[in-house]
Amino acid sequence: INTTSNIATYVWNFGNGISTIAYSSTVQPKAMYTQSGTYSVTMYVVKGACMDTVVKSIEVELPSRLIVPNIFTPNGDGSNDLFFLTANNQQEISMKIVDRWGKTVFEVTSTSGNIEWDGSNQQGKECAEGVYSYVLKTKGKDGVEQDLNGTITLIR
């Protein structure tokens, strides 16, 4: 330890592109992780000519989340042409879409969380404009299960 300098510098690298510099060991920096994964958190301590490094590996699992839009316009203009679920950390999603007479027009199960509907029925024929009902069952990687239902408006 270099006794000529009493000031230590603490540099934290959180493994997610964020770093923090502190000049006191009592500072407790924080970082936010927006993606699941394994991150290496590194702290470098420099005091005078001395340096030390500590590395810890952390596992980040985000809570499951699902956003279901309620309208889309599959008219080929390149804007909002697909009904697309925004799903995070889902293990399985099953979705069934029916028309106003209760006839199934689209049904899918996904283990990737990526579900999209282009407004066509199971035979590839365009569905008419209108309001469709959906039933959605999900199971998140965090064990949270959801049963959702609602409506989707299709406008051409």
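This is a guided tour of a predicted model, stop by stop.

**Before you select anything**

Residues are numbered from 1 along each chain as its sequence is written, and side-chain values use heavy atoms, with hydrogens and water left out. Because the model is predicted, local features need pLDDT of at least 70 and side-chain atom pairs count only at pLDDT 80 or more, while totals for chains, interfaces and linings use all residues.

Colour by pLDDT, the predictor's confidence in each residue, from 0 to 100. The protein chain averages 90. Of the residues, 96% score at least 70. Now compare elements; helices (H or I, at least four residues) and strands (E, at least two) are DSSP runs, numbered from the N terminus. E6 has the highest mean pLDDT, 96. E8 has the lowest, 83. Where pLDDT is low, the predicted coordinates should not be read in detail.

**Stop 1: the four-stranded sheet**

Select E1 to E4. They form an open sheet in the order E2-E1-E3-E4, with antiparallel pairing. Two strands pair if DSSP finds at least two bridges between them. Strand E2 (19-22) and strand E4 (50-60) are the edges, each pairing on one side only. From one strand to the next, the twist averages 15°. Its axes are lines fitted to C-alpha atoms, for helices over the stretch in contact, and angles run from 0 to 180 degrees between N-to-C directions.

Zoom in on E3 (residues 37-47) and E4. Their antiparallel pairing runs over 11 bridges. Lys 47 stands opposite Cys 50 in E4, and Tyr 39 has Ile 58 of E4 as its bridge partner. The two strands make a hairpin with two residues between them. Pick Gly 48 there: its phi is positive, near 65°.

**Stop 2: Tyr 33 and Tyr 39**

How far apart are the ring centres of Tyr 33 and Tyr 39? They are 4.5 Å apart with planes at 50°, so the pair is tilted. Rings of Phe, Tyr and Trp (its six-membered ring) pair if their centres lie within 6.5 Å; planes under 30 degrees apart count as stacked, over 60 as edge-to-face and the rest as tilted. The whole structure holds six aromatic pairs.

Check accessibility next. Buried means under 20% relative accessible area, exposed over 50%, and partly exposed in between (1.4 Å probe, protein chains only). Tyr 33 is buried at 15%. Tyr 39 is buried too, at 13%.

**Stop 3: the ring cluster**

Select Phe 72, Phe 83, Phe 106, Trp 117 and Tyr 132. Ring pairs link these five into a cluster. Focus on Trp 117 and Tyr 132: their ring centres are 5.6 Å apart and their planes at 75°, so the pair is edge-to-face. Trp 117 lies in strand E11 (residues 116-117) and Tyr 132 in strand E12 (residues 130-140), so the pair ties together parts that are 15 residues apart in sequence. Both Trp 117 and Tyr 132 are buried.

**Stop 4: the loop between E11 and E12**

Find Glu 126 in this loop. Buried or exposed? Glu 126 is exposed, with a relative accessible area of 55%. Leaving aside residues up to four places away in sequence, Glu 126 touches Gly 119, Ser 120 and Arg 156. Contact here means heavy atoms within 4.5 Å. Draw a C-alpha to C-alpha distance from Glu 126 to Ala 22: 60 Å, across 104 residues of sequence.

**Stop 5: the E9-E10 hairpin**

Strand E9 (residues 90-98) and strand E10 (residues 104-110) pair in the antiparallel sense over six bridges. Val 98 stands opposite Thr 104 in E10. Five residues separate the strands of this hairpin. In the turn, Gly 102 has a positive phi of about 85°.

**Stop 6: two asparagines**

Most residues other than glycine have a negative phi, and most peptide bonds are trans. Select Asn 80, where phi is positive, about 60°. Asn 80 sits in the loop between strand E6 (71-72) and strand E7 (83-84) and is partly exposed at 41%.

Move to Asn 89. Its phi is also positive, about 60°. Asn 89 lies in the loop between strand E8 (86-88) and E9. Asn 89 is buried, with a relative accessible area of 17%.

**Last stop: the cysteines**

Select Cys 50 and Cys 127. Cys 50 is partly exposed at 32%, whereas Cys 127 is buried at 8%.
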